[in-house]
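Please keep the sequence and the model in view while reading.

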Amino acid sequence: MVLDSLQNAHRYYTLHPLFEQAFRFLQETDLMALSQGQQSIIGRELFAIISEGTGTTEKEAKLEVHRKYIDIQYVISGTDHMGWKSLSFCDQPDVPYTEERDAAFFPDKTNNWFDVPAGYFTIFYPDDAHAAMITEETVRKVVLKIAVQ
């Protein structure tokens, strides 16, 4: 799991062949002008999901994991409160993995909560159970989905 400012994105280009292009999308696109929903960048290899709204509470939050995609979650406006736990410490999912959603959900709780303000991003790998949008504040964000390969 990574938490950093977009101005430091260049440090992560070598971690995946599509990371440079993913971060350039964040840096060079007018993200406020994009409508909510999914936007293709490179087919199913790299795409963006733009959302805006409020979230849930820590108590109601479910940790999720993905197998096929790495998430880069970038906060455009507001502050997203997120949680993290290593998948290796999670119990069995209460919502099993499905290929079409590329997600499993866990009833586990975490003590690892942190705020992600506008201009910052997280990177969640398939072994990073995470919960996002734990906020009553309106948050605009983009989640880049990068195929693991």
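**Overall form**

A compact globule of 149 residues would have a radius of gyration near 15 Å, and the protein chain, with 14 Å, agrees with that value. The model is a predicted one. Along the principal axes, the C-alpha trace of the protein chain spans about 40 × 35 × 25 Å. Of the 149 residues in the protein chain, 48% are buried. The accessible surface of the protein chain amounts to about 7,600 Å², and carbon and sulfur atoms account for 49% of this surface.

The protein chain contains one helix and twelve strands. Read from the N terminus, the order of elements is β-α-β-β-β-β-β-β-β-β-β-β-β.

**Strand β10 and its partners**

How many of the five residues of strand β10 are buried? Four of the five are, so strand β10, residues 120–124, is largely enclosed by the rest of the structure. Two pairings of β10 can be followed in the model. Strand β1, residues 2–5, pairs with β10 in the antiparallel sense over four bridges. Leu3 stands opposite Thr122 of β10. Strand β5, residues 69–77, also runs antiparallel to β10, and four bridges join β5 to β10. Here Tyr74 stands opposite Phe121 of β10. As a general point, side chains in a regular strand alternate between the two faces of the sheet.

**The hairpin of β7 and β8**

Strand β7, residues 95–98, and strand β8 pair in the antiparallel sense over two bridges. Thr98 has Ala103 in β8 as its bridge partner. The hairpin of β7 and β8 has four residues between the strands. Asp102 lies in this loop between β7 and β8. Asp102 is not a glycine, yet has a positive phi of about 50 degrees. Is Asp102 buried or exposed? Its relative accessible area is 4%, and because buried means under 20%, Asp102 counts as buried.

Phe105 belongs to strand β8, which covers residues 103–106. With a relative accessibility of 15%, Phe105 is also counted as buried. Which residues does Phe105 touch, leaving aside those up to four places away in sequence? Phe105 touches Lys62, Leu63 and Glu64, and also Pro93, Asp94 and Val95. Ala61 is 44 residues from Phe105 along the chain, and the C-alpha atoms of Ala61 and Phe105 are separated by 9.9 Å.

**Two buried loop residues**

Met133 sits in the loop between β11, residues 128–131, and β12, residues 139–147. Met133 is a residue other than glycine with a positive phi, near 60 degrees. The relative accessibility of Met133 is 16%, and Met133 therefore counts as buried. Once residues up to four places away in sequence are left out, Met133 touches Gly53, Thr54, Gly55 and Thr56, together with Asp80, His81, Val139 and Lys141. Gly53, one of these contacts, is 80 residues from Met133 along the chain, while the C-alpha atoms of Gly53 and Met133 are separated by 8.5 Å.

Leu31 is found in the loop between α1, residues 19–28, and β2, residues 37–42. At a relative accessibility of 7%, Leu31 counts as buried. Where in the sequence are the contacts of Leu31, when residues up to four places away are not counted? Leu31 touches Phe25, Leu26, Tyr74, Ile76, Arg140 and Val142. Tyr74, one of these contacts, is the residue that stands opposite Phe121 in β10. Leu31 and Ala104 are 73 residues apart in sequence and 28 Å apart in space, C-alpha to C-alpha.

Key. Residues numbered from 1 in each chain as written. Predicted model: local features only at pLDDT ≥ 70, side-chain atom pairs only at ≥ 80, totals over all residues. Heavy atoms only, no water. Buried < 20%, exposed > 50% of the residue type's maximum accessible area, 1.4 Å probe, protein only. Contact = heavy atoms within 4.5 Å. Rg over C-alpha atoms; globule rule 2.2 N^0.38 Å. Areas by Shrake-Rupley, 256 points an atom, 1.4 Å probe, with all protein chains shown as cover. Pairing = 2+ DSSP bridges.
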